[in-house]
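Please try each task before following its solution.

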Amino acid sequence: MNLAGRSLTEFVHDLAGDAPAPGGGSAAAYAGAMAAALAAMVARLTLSKAGDSQARARLEAVVAAADPLAARFLALLEADSAAYNQVAAAFKLPKAHPAQQADRSRAIQRALRHAAEVPLDTLAAAAGLARLLATVVADGNPNCVSDAGSAVYLCRAGAQAAACNVRINLAAIRDGAFVETCGRSAQRLLEGVEGALAPLEKAVAAKLAG
């Protein structure tokens with residue numbers, strides 16, 4: 001299913017349906033895509049009026065990075081749903097005989113690893129976006145402060161949701177070394193996103209308060 005090509009209404013209905021995928025991981029990636037798109041929009045709207053050459057250069061860099069990030073998030077939206085479907089397919093493998101049971105167990109573990117890696121990639125993309133948002137909030141057109149703030153909050157929500165999806169998959173993985181490495185990476189990335197966005201949330205609130 002081409003989730004990214006579906007209408008907003010169709011995607012919401014997909015999320016609300018009785019199938020487990022797309023689910024939270026895809027929603028996390030979509031939040032990131034919306035945040036990246038808003039960052040690009042604010043940068044473009046500001047560029048049309050920016051006179052300061054250094055500010056223009058920073059905003060052009062945001063546009064150049066935010067557009068590919070939005071596309072990356074949309075690809076991760078698809079990948080997360082596909083990863084869950086792989087897990088579900090692995091659980092449906094035959095298990096009548098010991099050899100089948102062993103093959104099924106290995107397939108489940110492989111699928112779970114991939115299902116943890118995809119939202120970890122979403123977290124990494126959110127970390128990259130968080131760095132761009134500092135420029136969007138600082139240099140963005142004052143009339144777009146609510147859009148910049150929306151990007152900040154969506155980035156944070158996407159990162160937190162992605163971290164949840166990493167953790168749920170790690171809980172069923174037997175490879176302790178993988179669980180530790182992936183878990184540490186997720187925690188480091190999430191803390192980085194939170195640390196980068198916290199001052200931006202304060203800056204947005206101050207600008208909205210006038």
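On a 1 Å grid over the protein atoms alone, a cavity is a set of points where a 1.4 Å probe fits but cannot get out, a pocket is an open set with protein on both sides within 12 Å along at least five of seven lines, and lining residues have an atom within 4 Å of a point. The model is predicted, and local features need pLDDT of at least 70, side-chain atom pairs count only at pLDDT 80 or more, while totals for chains, interfaces and linings use all residues. Residues are numbered from 1 along each chain as its sequence is written, and side-chain values use heavy atoms, with hydrogens and water left out.

**Exercise 1.** Describe the largest cavity and its lining.

Solution. Begin with the count, which comes to one cavity of 30 Å³ or more. The largest cavity holds about 50 Å³ of space, where a volume is the space filled by probe spheres set on the points, and grid points are joined across faces, edges and corners. Next, list its lining, which is made by V42, V136, V137, G140, N141, P142, C144, V145, A148 and K207. The elements that give two or more residues to this lining are α4 and α5; helices (H or I, at least four residues) are DSSP runs, numbered from the N terminus. Finally, sort the lining by class, which gives seven nonpolar, two polar and one charged residues, where Ala, Val, Leu, Ile, Met, Phe, Trp, Tyr, Cys and Pro count as nonpolar, Asp, Glu, Lys and Arg as charged, and the others, Gly among them, as polar.

**Exercise 2.** Find the volume of the largest pocket and the residues closest to its centre.

Solution. The volume of the largest pocket is about 220 Å³. Of the 17 residues that line the pocket, D80, Y84, N165, I168 and N169 are the closest to its centre. Two or more lining residues come from each of α2 (24-47), α3 (53-91), α4 (98-139) and α5 (145-170), and α3 gives the largest share, five residues.

**Exercise 3.** How are α2 and α3 oriented to each other?

Solution. First take the axes (lines fitted to C-alpha atoms over the stretch in contact, with angles from 0 to 180 degrees between N-to-C directions): those of α2 and α3 come within 8 Å and cross at roughly 160°. The two helices are therefore roughly antiparallel, a term for angles over 145 degrees. In their contact, the residues divide into 19 nonpolar, five polar and five charged.

Methods
Angles under 35 degrees count as roughly parallel, over 145 as roughly antiparallel, 65 to 115 as roughly perpendicular and the rest as oblique.
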